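Good morning, and thank you for joining this presentation.

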Amino acid sequence: MWQQGARRFSARFCRRFSSTIATSAPGVNTRVAATTVATVSAASGGLWLASRQQESKSARCDADPVALGAAALGGAALGAGACWYHLNGQIKAEKERRSKYWPRKIMMLFGAPGAGKGTQGPKITEELGLPQLSTGDMLREAVAAGTPVGKQAKAVMESGGLVSDDIVIGIISERIKQDDCSDGFILDGFPRTLEQAKALDKLLTVSGESVSLVMAFDVDGSILEERICGRWMHKSSGRSYHVKYAPPRAMKLDANGKPIPSTMKDDQTGEPLFQRSDDTAEALSKRLKSYYGTTVPILDHYAPHGIVKKVDGGRSIGEVTNSVLAALKM
Ligand code: AMP
């Protein structure tokens with residue numbers, strides 16, 4: 001009897017709670033809501049059972065406290081489980097509805113090497129929950145894994161040249177089909193040529209989509225070399241550090257004021273950091289030449305659509321983040 005009561009109570013509570021969320025706050029994080037509801041439901045179930053036990057205790061003085069405690073826990077777990085099951089169904093239905101009727105948010109981070117794409121991308125991911133797709137990271141993974149693509153790309157990447165359009169278009173067209181891109185994605189380092197931009201547009205047109213925002217970081221050339229040559233990366237997370245502007249906590253300097261490599265460790269995991277083989281002054285000059293000559297014309301391609309937003313990327317990380325987040329709302 002009491003189990004049915006608890007179930008009915010929690011289901012009714014969940015339905016009411018989730019429909020209130022859906023109508024009054026459609027953008028709310030449903031996982032947080034589900035967890036809240038499950039917790040409230042468990043607590044309500046426990047309280048309800050406790051009051052039932054109290055009644056039954058006054059009626060029958062021989063109640064076993066262990067059995068009553070177990071019953072209370074069971075009731076609470078049942079209530080939470082029923083609620084969780086109910087909400088999971090709602091979340092799935094909402095996801096299906098979104099993927100059917102809402103276009104994906106397709107953003108592009110645009111800027112020279114060292115402009116801050118890799119630093120600001122994770123802030124947008126945090127804000128919007130969209131994955132950052134860096135063709136540079138994907139290619140580095142392919143090189144490290146020694147795949148056929150990696151073998152083709154290795155030498156050209158080390159010299160600061162561009163990998164062929166066919167390879168990167170192939171990588172991106174497969175990547176954006178994955179589940180985590182169902183609400184949208186942030187492109188980082190792609191497209192880099194007008195041909196890549198046109199191939200992307202064509203790919204998106206097939207599904208009735210288009211690029212919705214190009215966030216272009218403006219940074220003076222004189223700042224880029226200092227940023228690139230002082231950059232250290234954490235491989236698995238992509239976190240980037242800078243010997244002067246964002247040093248890792250463990251960093252120690254030698255007598256010449258240069259960082260001691262063995263002390264360059266990731267703040268969160270303590271794992272060693274590395275410097276990219278193309279983060280040198282020589283490779284940078286080639287990368288910048290290709291950026292200004294081949295990549296910048298892409299801005300003219302998207303500008304007529306009114307989707308290009310410029311951000312002054314020459315300021316501190318925090319200041320740039322504020323402008324980036326403000327630009328997302330406009
Ligand atoms: P990034 O990490 O974006 O600076 O990219 C590192 C290197 O990967 C570049 O210098 C290129 O050699 C290669 N790469 C990354 N993305 C592309 C792309 N869209 N087209 C051609 N080459 C790319």
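Two strands are said to pair if DSSP finds at least two bridges between them. Helices (H or I, at least four residues) and strands (E, at least two) are DSSP runs, numbered from the N terminus. What you see is a predicted model, in which local features need pLDDT of at least 70 and side-chain atom pairs count only at pLDDT 80 or more, while totals for chains, interfaces and linings use all residues. Residues are numbered from 1 along each chain as its sequence is written.

I begin with the strands. Strand S2 (residues 132-134) pairs with S3 in the parallel sense over three bridges, and Gln 132 has Ile 186 of S3 as its bridge partner. Strand S1 (residues 105-110) also pairs with S3 in the parallel sense, over five bridges; here Ile 106 is partnered by Phe 185 of S3. A residue counts as buried if 20 or more other C-beta atoms lie within 10 Å of its own, exposed if 12 or fewer, and partly exposed in between, with C-beta atoms placed from the backbone. Four of the five residues of strand S3 (residues 184-188) are buried, so S3 is largely enclosed by the rest of the structure. For the chain, 29% of the 330 residues count as buried, and there are 12 helices and seven strands.

I turn now to helix H8. In H8, Gln 196, Ala 197 and Leu 200 are buried. Seen down the helix axis, the buried residues of H8 fall within an arc of 100° (taken from the directions from the axis to the C-beta atoms), so they line one face of the helix. On the other side of H8, Lys 202, Thr 205 and Val 206 are exposed. What covers the buried residues of H8? Helix H7 (165-175) and helix H11 (297-302) are among the covering elements. Just after H8, Gly 208 adopts a positive phi of about 70°.

Finally, the ligand. It is surrounded by 18 residues, the closest being Thr 135, Gly 136, Val 163, Gly 189 and Arg 192; a residue is near a molecule if its C-beta atom, placed from the backbone, lies within 6 Å of it. Which helix gives the most to the shell around the ligand? H5 does, with three residues. Helix H5 (135-145) and helix H6 (148-158) each supply at least two residues of that shell.

How values were computed: Two residues are in contact if their C-beta atoms, placed from the backbone, lie within 7 Å.
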